[in-house]
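Hi,

Here is the structure I said I would pass on. Have a look through it first, and then read my notes below.

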Amino acid sequence: MKHRRPIIAGNWKMNTTIAEGIDLIQGIKNSPLSQGTDIVLCPPFTHLNTAKTLLKNSGIYLGAQTLSEYTSGAYTGEISADMLKSLHIEYVIIGHSERRTIFHESNATINAKLKQALNSQLNPILCVGESLEEREKDLTHSIIATQLREGLAGVHASSIETLDFVIAYEPIWAIGTGKTASPEQAQDVHAYIRSELRILFGNTIAEKTRLQYGGSVKPENSQALLSKLDIDGALVGGACLNAESFANIINSVHA
Ligand code: PGA
C-alpha cells in the first residue's frame with residue numbers, strides 16, 4: 001500500500017503565448033479532476049503572475065522551470081528564488097536535463113540552485129536521469145548516484161524535512177522521444193533513488209520524498225507507471241500542453 005500522495009506536474013517548457021497559456025489553465029481548471037492527487041503547473045516565467053491569479057482557490061500549485069543560482073544583483077536576465085517566492089510560487093524544477101545539456105548546468109550549479117530554493121522555502125523538484133549511452137554501458141545507477149550526491153552536497157536533512165522535496169527520474173532517452181521507460185525499468189531506478197536518499201538523509205526523509213517519473217508520460221502509459229511501489233507521480237512535458245490529456249493523466253492515478 002502506498003502512503004505517499006501522488007503528485008503530477010506539467011512542465012510547459014518554452015511553449016505558449018500568454019493568451020494560449022490562459023486558455024490551457026482554464027481548460028485544466030474546467031476539466032473534471034479526481035481528488036487525492038497534487039497537481040503542479042510549471043508554465044514559463046512570463047505566465048506565473050497571471051497563472052497565480054487564475055489558480056486562486058483551485059488547489060492547483062504553481063512551479064517555475066528553473067531559478068538563478070545567485071541571490072540577487074548584476075545577473076542580467078536571471079530570476080531569483082526570492083522573486084519566485086514573492087509571487088507565492090510553491091515549486092521549482094531544478095536540474096532538468098535540458099538545462100544540464102543545452103545550458104551546460106553542472107551538478108555544482110544545480111547544487112547552488114537547490115540551496116537557493118531551500119533558503120527561500122521553495123519546494124524543489126530535482127531532476128536526475130541518464131543518457132542512452134550511459135544506460136547501455138550499465139552506468140545508470142552510478143550516474144544517478146553522482147547526480148544526487150553532488151546535487152545534494154552540503155544539504156542537511158533539517159533543511160528539507162520541512163519542505164516538500166520531490167525528485168524526478170527522467171531518463172534523457174525518454175524525454176520528448178515517445179520512448180518510455182518500462183514500469184519495471186522506472187521502478188528499479190526509483191527504488192535505487194530511495195535507497196540513496198536513505199543513505200544521505202535517513203529513513204524518514206527517504207520514505208516521505210515523492211519520486212516522479214518523467215519521459216513521454218501520456219494517458220496511455222501513466223497508470224502502469226504510477227502503479228509501481230516507488231513511483232509517486234509524473235513530470236509531464238508534451239502531454240501537459242493539452243488540457244484533456246493532462247487531465248486524463250491526473251485521473252489515471254486513481255482510476
Ligand atoms: P516529455 O517531457 O513528457 O515531453 O517527454 C518530460 C520532461 O522533460 O519533463
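**What I found**

Let me start with Glu90, which sits in the loop between helix H3 (81-86) and strand E4 (91-94). Helices (H or I, at least four residues) and strands (E, at least two) are DSSP runs, numbered from the N terminus. Before going on, please note that this is a predicted model, where local features need pLDDT of at least 70 and side-chain atom pairs count only at pLDDT 80 or more, while totals for chains, interfaces and linings use all residues. Residues are numbered from 1 along each chain as its sequence is written, and side-chain values use heavy atoms, with hydrogens and water left out.

Back to Glu90: its side chain reaches the backbone nitrogen of Leu62 at 2.9 Å. Not counting residues up to four places away in sequence, Glu90 touches Lys52, Tyr61, Leu62, Leu122 and Asn123 (contact means heavy atoms within 4.5 Å). Glu90 and Gln121 are 31 residues apart in sequence, and their C-alpha atoms are 8.4 Å apart in space.

Now the ligand. It has 13 residues around it, of which Lys13, His96, Glu170, Gly176 and Ser216 come nearest (near means that a heavy atom of the residue lies within 4 Å). An oxygen atom of the ligand lies 2.6 Å from a polar side-chain atom of His96. Backbone atoms take part as well: a polar one of Gly176 is 2.7 Å from a ligand oxygen, and a polar one of Ser216 is 2.7 Å from a ligand oxygen. On its own the ligand has 290 Å² of accessible area, and the protein covers 95% of that (Shrake-Rupley method, 1.4 Å probe).

What about the interior? In soluble globular proteins, nonpolar side chains tend to be buried together. The largest nonpolar core here has 63 residues, and Ile8, Leu41, Ile193, Leu197, Tyr213, Val236 and Phe246 touch the most other members. Such a core is a set of buried Ala, Val, Leu, Ile, Met, Phe, Trp, Tyr and Cys residues joined through side-chain atoms within 4.5 Å, with buried meaning under 20% relative accessible area (1.4 Å probe, protein chains only). Helix H9 (residues 183-201) gives the most to this core, with six residues. Apart from it lies another core of eleven residues, including Cys42, Ile93, Ile125 and Val166.

Helix H12 (residues 243-252) is mostly covered, with seven of its ten residues buried. Those are Ala243, Ser245, Phe246, Ala247, Ile249, Ile250 and Ser252. Their cover includes strand E1 (7-11), helix H1 (18-29), E2, helix H11 (219-226) and strand E8 (233-236).

His47 lies between strand E2 (38-42) and helix H2 (48-54), and counts as buried because its relative accessibility is 5%. The His47 side chain makes a polar contact with the side chain of Thr16 (3.0 Å); within protein, that term means a pair of N or O atoms within 3.5 Å, one able to donate a hydrogen and the other to accept it, and residues adjacent in sequence count only if both atoms are side-chain atoms.

Asp232 is in the loop between H11 and E8. At 2% relative accessibility, Asp232 counts as buried too, and its side chain makes a polar contact with that of Arg194 (2.8 Å).

Cheers

How values were computed. Buried means under 20% relative accessible area, exposed over 50%, partly exposed in between (1.4 Å probe, protein chains only).
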